[in-house]
Structure formats: structure tokens, C-alpha cells
There are 2 protein chains.
Amino acid sequence: MKELEERIRREGIVKAGNVLRVDSFINHQMDVLFFDKMGAEFHRLFAGTPVNKILTIEASGIGIAIIAGLHFGVPVVFAKKSRSSNLGDDVYHTVIHSYTHNNDNHVVVSKDYLSPADHLLIIDDFLANGCAVEGLIDIAHQAGATVEGVGIAVEKGFQKGGDKLREEGYRVESLAIIEAMDAATGEIVFREQ
Amino acid sequence: MKELEERIRREGIVKAGNVLRVDSFINHQMDVLFFDKMGAEFHRLFAGTPVNKILTIEASGIGIAIIAGLHFGVPVVFAKKSRSSNLGDDVYHTVIHSYTHNNDNHVVVSKDYLSPADHLLIIDDFLANGCAVEGLIDIAHQAGATVEGVGIAVEKGFQKGGDKLREEGYRVESLAIIEAMDAATGEIVFREQ
């Protein structure tokens, strides 16, 4: 999505440690009208698939997932980070490692909201090592749901989460894929799509 | 909003300790098409105000705020819960007490995204003691922004957050106000609006 690439080039801030800040329009201040364009693009990309529900994870994935939900006309379930590992029997549960915060998060979805009847589109704002998406796929499989695909706003293509998911057979559509970025110069190179 | 009251009556689960669970359509699974109606209603209620930005707090406020943002055609800023009180000079900062989790959360908004030019609509899913909204108002005032009003999906009218805000002069519009609820019978009584 050329418009997203241009926006990242203009407003993204590359920091040391492979960090890209897009706080001005995605991660802190959310440009809702731009999200609307991204939602329309996800809908175009996954047209013809039987998606009946979107699955995301709190917090910053919710905004894009909600707008995508509006374009698909389907509900959005967000996985919750739990403070405790004592979770009871009424939830699907997985552990997602965060490289950003260097910790493990217990993540849950109520069994009430995912079932074998569900055809899921997993949406998140960023894809790097793929831990969050792999965790959501794990939860989907526990529920017996079908994963129709994965929709990502910004993929860090130089980290291996996206390509690993594609090798595993998942359809991953990222609206922008960063092939390389340089904290010293601020330069960002996108993968041709 | 009669449709919200009916939905709460049908799907809401009243639990001991003044807890109302609306996980099936607001807090965990989000009925996006219903959110769209709530967003339209907020837009109708605050028509004629110079709202140029929506302020909410992660995580469960984001969904409703995003859809409202689409109706107003304005960006949404979400306040972030911070793991540390060591925050630096580039953020507005407040502390919000959570009665649900019985802890204090450090909450921040980058100084880049709020300014004296902003006319804010504060949006959240629930209003009970009002701690979250009071915290967001504190942040708005630190930024010199104007608070045009507060839009809430579900207000617990038997707790005093909403009425306190109204006494302080804020315009608070709640789409449903619960006057009383009973965990033993499941009965919910709404305030006439």
C-alpha cells in the first residue's frame, strides 16, 4: 500500500535496536480516516474468503482491527493480556513473548467467543518476530477455528516472523514490508510487493 | 439509547461487587456494527461542538473511540498505561486508580499529540467512579486543551463518577445509565434519559 509506505517514510522515526516509531498516526495518535483506507485494503485483499470474525490482541491492534471489522461487517475479538496464570477453564490461553519488553505475557480469549464455526482473520499493527500472531494462531487452533489469513499494517521483513508464517502456509498480507532501516540515517527500504 | 439498554438487558451479566459483564458485544467480543450506531449517536449528541480530537485510554475504550472518530472525522489519541513512573519530560502524566484491580496505573500521553489548540471529546466504554475520566481530564488540562465533553457507553449511575463530573460542569453523555442492578436476580434498572 503505497500510501502507507509514504506515510511511514514521512512520519516514521527509526531508533536503535530495530525500533520504528509510528506514534503520530498508528500507535498512539490514530489517524482514523487513514485506518479506514487500511481497512478497505484488507477487505479487498481478503475478498472471497469466508471470514466471519476478526481476532486481534490488545492494545494497539484494536484500532485497525475495528475498522477492518467495519469493512468486513464482522465482530472483532481481542485477546486480553492477563495479570495471572491462574485463569480457570473458561478461556483459551497462550504465552506470548515480548521482545520489546523482554517478558512473557499470558494471553487469553474466552471460550464463549471462538468456536470451530469461526473463520478468522488475524489483524495486528506490527509483525516482527511473529510471537503475537503465533500466539493468536495457537488460540485459534485450541478453539478449532480456521485461520483464513493474517493482515498486518507494518511488517519488519528483516525479522523473520512474516516469512516463517508464510512458510507454514498462512496467507500473510502486510500493507507495508520494511526490508531494511537505518537508525543513523533514518533511511527506510521497503520490499517490493 | 434504547437499543443499548435492550442489549445490556439481554446479554449483560450482573455479578457480585457491582460488576456488569458485557463481554459479548463491548469488552471482549466487539460488535462493530453496533459500535457504528453508538458512534453515530455520539456524533449526534455532540453536533455543533468544535471537537477536533478524541481522547481515550487503552484498552477497551479504543474500539468505541475509533468508530466515534470515524463519525467525527477526527484522530483518536489513546492514553497509555506505563509500567514505570520514570517517564521523562516528553509526556503528560497522571495516576489513575483502578477499583477493579485495586491498583494505581501511571498513564501517559505524549506531548506531541495534545496542545492548547485541541478541543477534546473524551470517550470510554464504562464510567463508574470516574477515575479514568478524571485522569484524562487532568492530562487534557496539562496540555492546555479544552474538554468539550465526555461520551460514555455504559455509566453506572449508582456510583458517583458521572454525577460528580456533571457537578463540576462537564457535559457527560452516557448512552445508557444503570440506576440499579442486582446480582441475585440479574435485574437491571436504567435511568430515564
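**Exercise 1: a charge over a ring**

Work out which ring R171(A) sits over in this predicted model, then look at R7(B) as well.

*Solution.* Start with R171(A): it lies over the face of F46(A), 4.6 Å from the ring centre. An Arg counts if its CZ is within 6 Å of the ring centre and within 35 degrees of the ring normal. Now hop over to chain B, where R7(B) lies over the face of F34(B), at 5.3 Å from the ring centre.

**Exercise 2: ring against ring**

Find the aromatic pairs over all chains and classify them.

*Solution.* Step one: a search of the whole structure turns up 2 aromatic pairs. Step two: for F25(A) and F34(A), the ring centres are 5.8 Å apart and the planes stand at 75°, so call this pair edge-to-face. The cut-off you need here is over 60 degrees. Step three: F25(B) and F34(B) have their ring centres 5.8 Å apart and their planes at 80°, so that pair is edge-to-face too.

Buried or exposed: what are F25(A) and F34(A)? Both are buried. On the other chain, F25(B) and F34(B) are both buried as well.

**Exercise 3: how the chains relate**

*Solution.* Next, check the contacts: 100% of the contact residues of chain B recur in chain A, so the same surface serves both copies.

Key:
Residues are numbered from 1 along each chain as its sequence is written. Chains are lettered from A and ligands numbered from 1 in the order in which they are written. This is a predicted model: local features need pLDDT of at least 70, side-chain atom pairs count only at pLDDT 80 or more; totals for chains, interfaces and linings use all residues. Side-chain values use heavy atoms; hydrogens and water are left out. Contact means heavy atoms within 4.5 Å. Rings of Phe, Tyr and Trp (its six-membered ring) pair if their centres lie within 6.5 Å; planes under 30 degrees apart count as stacked, over 60 as edge-to-face and the rest as tilted. Buried means under 20% relative accessible area, exposed over 50%, partly exposed in between (1.4 Å probe, protein chains only).
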